[in-house]
Amino acid sequence: MLVNENIAIEHGLKSDEYKKICKLLKRTPNLTELGIFSAMWNEHCSYKSSRLHLKKLPTKGKKVIQGPGENAGVIDIEDGDAIVFKIESHNHPSFIEPYQGAATGVGGIMRDVFTMGARPIANLNSIHFGSTQHKKTKNLLRGVVHGIGGYGNCMGVPTIAGQTSFDSSYNGNILVNAMTLGLVKKNKIFYSKAAGLDKPVIYVGSKTGRDGIHGASMASASFDEKIEEKKPTVQVGDPFTEKLLLEACLELMEGDSIIAIQDMGAAGLTSSSIEMASKGNLGIEINLNKVPCRESQMTPYEIMLSESQERMLIILEKGKEELAKKIFDKWNLDFSVIGKTTNSKNIELFFDNKQVAKIPVNTLVENSPMYDRKWKKTKLPKKNKFKKDVYNDLKIQDILKKILSNPNICSKEWIWQQYDHTVMGDTIQKPGGDSGVVRVHGTEKAVAASVDSSAVYCWAHPLTGGKQVVAENWRNLVSVGATPIAITNCLNFGSPENEENMGEFVECVQGIGEASKYLNFPVVSGNVSFYNQTKEVGIKPTPSIGGVGLIKDYKKMITMDFKENNNIVLIIGKTEGHMDQSLFARIILDKKNGPPPEVNLFNEKNNGQSLLSLIEKGLVKSAHDISLGGIIVALSKMCIKGNRGIKLNKAKNLINEIEYLFAEDQGRYIIEINQKDLNEVNKILDKNSVYHEELGIIIEKDMIINSKTKVSIDELKSYNTNWFSNYMSS
Amino acid sequence: MKSSVITFPGSNCDRDMDVALNKFGFKNKMVWHDDNELPKSDLVVLPGGFSYGDYLRCGSMASKSKIMKSVINFAKSGGLVMGICNGFQILVETGLVPGVLLRNKYLEFICKNVFIKPANKKNLYFKNIDKNILEFHIAHNEGNYFCTNDQLKEIEDNNQIAIYYCNNKGQIEDKFNPNGSIKNIAGIFNKEKNVLGMMPHPERMIDQCLSGEDGSLFFKNLINNIKNAS
């Protein structure tokens with residue numbers, strides 16, 4: 001078939017991009033070459049709309065071993081150990097085929113991590129669905145949860161934390177973000193940079209089939225009514241093969257045979273081979289007849305663009321082929337020498353003894369398009385003035401019931417019970433806490449991880465929202481006693497070709513950058529997912545932040561459950577009564593306008609560091625950060641988990657009681673301390689100029705809010721735990 | 001005491017079992033499924049996981065692997081063989097213990113702590129254990145134990161039921177049954193009581209900071225019983 005501009009446009013390329021290709025090649029590309037360009041130049045692979053802005057993120061730090069640009073980021077956790085981690089989206093395929101979409105999302109991110117030589121030790125996820133009333137939501141949710149479990153459980157990697165939200169803006173575009181942490185020795189990290197001439201290029205893993213062809217291009221476009229037709233672009237996962245691939249790769253990595261290794265993810269053999277060559281400033285030659293294929297008569301075009309899962313590309317030291325083959329044979333995996341590195345700086349493909357493609361590597365990578373898209377700034381909305389009499393008819397207990405059973409607040413046990421969260425025998429904090437925590441096997445250390453997003457805040461004011469998500473993530477790590485080290489981000493947005501959506505992206509990234517810089521919490525890896533939109537309607541801007549922290553002595557880990565009667569409950573951080581964009585304002589008052597709570601980075605850092613010093617001294621019995629729903633929701637969760645109650649003091653501030661309990665001011669934590677430690681705690685907090693006050697005292701089994709309001713812990717539990725299973729079985 | 005843990009392609013609790021056995025005094029060896037001979041062992045464990053991806057039927061392909069001939073001979077000559085979770089599914093497929101394991105009643109994977117009650121203590125696994133109700137952990141998709149009425153009668157007549165799902169007070173009722181197993185059965189013996197298959201994972205309960213410590217109790221007791229019997 002002769003290539004022309006129309007065919008290029010069918011491949012998702014723009015007219016001027018096609019012209020650029022012809023100019024770079026000084027000829028018309030053939031179909032295989034066009035396919036390769038379209039795979040490398042789509043939004044998903046090239047980051048053409050986001051690169052300019054991502055450059056502004058802080059990516060360096062004392063603990064950073066590898067920042068963005070590799071398969072995953074790497075941080076130092078001392079004693080020669082390092083954690084490899086990354087988050088990635090699989091939104092588009094999960095909407096089309098929820099089970100496989102979510103499963104291969106989990107499989108893909110684990111591959112990114114073990115490609116670098118790390119054994120995966122924890123999985124997390126952030127999943128977002130449309131309104132609970134929408135007809136597709138339940139099936140999508142069930143499929144996604146089964147898919148995440150199906151893959152992670154089979155791999156034997158615990159899923160230790162996650163986040164689930166519902167919002168009608170996801171009705172036509174759900175989000176599935178998967179994150180993996182792996183453990184590696186600092187001196188045994190593997191990279192994807194090719195080196196040396198004439199080195200064998202090895203294909204290992206599953207055979208190549210016709211699934212997932214143009215998956216990355218599909219993920220670089222908006223949805224329309226014909227989206228169901230895109231099903232063949234969704235990959236099919238085989239976690240069993242991936243488990244074998246993991247063990248085989250780690251076995252080979254024990255030696256010194258590997259020069260470079262790269263998993264075949266988005267855009268399959270195309271992007272893996274080109275990225276390795278590009279990083280090494282080399283050429284690469286591949287004989288496509290040597291690629292193990294699942295189906296007969298696959299064309300070079302199909303082989304290069306297939307996104308079949310569970311495959312890796314390795315550049316080996318010469319002479320190590322036999323040794324490597326033996327390992328892959330043992331694990332029953334395909335192994336084939338498909339090519340070699342060259343000094344031509346071209347990617348050259350051969351099929352049936354004919355050259356079928358020849359493209360200079362730099363045209364695909366360095367010369368890929370980069371756009372400075374137009375974007376619109378979002379003004380800070382005006383604050384609502386809530387007249388105090390709007391609260392007069394409200395009963396606190398009724399509001400509490402409504403909020404605790406809200407789908408975005410209620411217990412997600414229905415979900416995480418379907419994930420194996422205890423395999424590997426090191427999970428010391430299960431899902432449902434502020435962070436998941438796993439021990440570093442065989443040591444006194446533990447790593448904590450949390451994934452967070454606040455689409456409503458980001459939508460109301462992207463700059464503040466971007467800062468808030470990073471701050472909340474930092475607080476979730478601090479709350480379990482972990483020193484936050486670094487983050488990975490998954491940036492889920494609508495179309496970058498729409499000025500408003502692009503503005504949301506630019507300002508969220510700016511907010512993320514400001515907060516991570518101030519908190520010394522650099523971004524070491526990530527991924528951008530644009531075009532989460534159906535026709536003209538985009539999702540609310542949803543950056544997901546996955547943070548990792550270190551606990552030096554795992555016995556000092558903190559959980560949120562109240563521990564002992566008569567202990568004192570303190571709040572750290574000042575409650576100003578910010579109601580706009582709070583859950584209360586949105587679901588009780590039905591007010592959807594106004595600014596999100598302000599983020600004061602000085603207070604965030606100071607409050608967090610002060611709490612960590614209290615924890616280090618052994619003064620904190622339980623802790624929980626205050627986020628969605630305010631003080632009362634945070635307290636309810638601590639009561640439910642600890643099966644204990646609290647008698648609240650009268651608020652010292654002169655603000656209204658409802659505002660005091662439900663406001664979503666930032667930078668706040670609730671902590672439990674023993675009476676005998678009160679003076680010492682007060683002294684330390686005062687010395688650090690941390691605002692704090694006594695909230696109440698822990699009692700037997702009721703939450704006593706004021707003289708008129710008393711709720712039993714059993715009632716709180718029933719509000720919080722029943723919604724999900726009722727919904728799923730209705 | 002010497003133990004062996006078999007690794008099949010897709011096993012994923014083999015390391016956890018190795019850690020647990022070593023922690024409580026076994027000298028454990030990892031054995032590859034494609035080997036012919038078992039090393040000398042006082043206990044052989046088939047660990048949890050997804051051998052062969054659970055394809056075809058859970059445990060069916062693993063039950064035909066090379067090493068299993070040797071494991072079956074070891075069991076038939078009275079050696080202690082314990083199958084946990086996927087290991088239980090493999091044991092069922094070999095016919096060493098009766099019955100089958102179906103998909104969980106509510107069609108969902110379940111990962112949580114459960115209480116179990118040993119049916120009796122006249123066997124090397126639970127003899128002398130100083131608790132009547134233990135808190136173990138389950139994580140499975142196909143743990144719904146089923147057998148025919150005739151089989152059930154035989155199992156009961158021979159005291160082959162090893163453990164039941166119950167609540168923290170030891171009540172064995174349908175509402176404490178996590179997966180729909182017939183009679184709340186969580187584990188089963190062969191007639192001679194040297195082969196035990198069970199869904200719960202004692203190896204995930206060996207540290208207070210994990211899910212609990214009743215697994216420690218189980219392993220300490222087991223190694224003592226083996227020592228005293230030999």
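Colleague: Leaving aside neighbours within four places in sequence, which residues is Ile116(B) in contact with?

Modeller: In this predicted model, Ile116(B) is in contact with Leu134(B), Phe136(B), Ile163(B), Tyr164(B), Tyr165(B), Cys166(B), Ala186(B) and Pro200(B). They count as contacts because the C-beta atoms of two such residues, placed from the backbone, lie within 7 Å.

Colleague: What makes Ile116(B) stand out in the largest nonpolar core?

Modeller: That core holds 291 residues, and Ile116(B) is among those that touch the most other members, together with Ile83(A), Val84(A), Ala446(A), Val447(A), Val470(A) and Ile670(A). In soluble globular proteins, nonpolar side chains tend to be buried together.

Colleague: Why are strand 2 and strand 7 of chain B called edge strands?

Modeller: The sheet is open, with nine strands in the order 2-1-3-4-11-10-9-6-7 and mixed pairing. Strand 2 (27-32) and strand 7 (134-140) each pair on one side only, and they are therefore its edges. From one strand to the next, the twist averages 25 degrees.

Colleague: What lies between strand 10 and strand 11 of chain B in their hairpin?

Modeller: Five residues separate the two strands, and Lys193(B) in the turn has a positive phi of about 70 degrees. Strand 10 also pairs with strand 9 (residues 161-166), in the antiparallel sense over three bridges, and Ile161(B) has Ile188(B) as its bridge partner.

Colleague: What makes both faces of strand 11 of chain B covered?

Modeller: Val195(B) and Gly197(B) on one side, and Leu196(B) and Met198(B) on the other, are all buried. Each is called buried because 20 or more other C-beta atoms lie within 10 Å of its own. Helix 3 (residues 86-94) of chain B lies across strand 3 (43-46), strand 4 and strand 11, running at about 120 degrees to strand 4.

Colleague: In chain A, how do helix 7 and helix 8 pack, and which kinds of residue form their contact?

Modeller: Helix 7 (residues 98-114) and helix 8 (residues 137-155) of chain A have axes 7 Å apart, at an angle of about 35 degrees. Their crossing is right-handed. The contact residues divide into eleven nonpolar, eight polar and no charged.

Technical notes. Residues are numbered from 1 along each chain as its sequence is written. Chains are lettered from A and ligands numbered from 1 in the order in which they are written. This is a predicted model: local features need pLDDT of at least 70, side-chain atom pairs count only at pLDDT 80 or more; totals for chains, interfaces and linings use all residues. Axes are lines fitted to C-alpha atoms, for helices over the stretch in contact, and angles run from 0 to 180 degrees between N-to-C directions. Helices (H or I, at least four residues) and strands (E, at least two) are DSSP runs, numbered from the N terminus. A crossing is left-handed if the near helix is turned anticlockwise from the far one by less than a right angle, and right-handed if clockwise. Ala, Val, Leu, Ile, Met, Phe, Trp, Tyr, Cys and Pro count as nonpolar, Asp, Glu, Lys and Arg as charged, and the others, Gly among them, as polar. A nonpolar core is a set of buried Ala, Val, Leu, Ile, Met, Phe, Trp, Tyr and Cys residues joined through C-beta atoms within 7 Å. A residue is buried if 20 or more other C-beta atoms lie within 10 Å of its own, exposed if 12 or fewer, and partly exposed in between; C-beta atoms are placed from the backbone. Two strands pair if DSSP finds at least two bridges between them.
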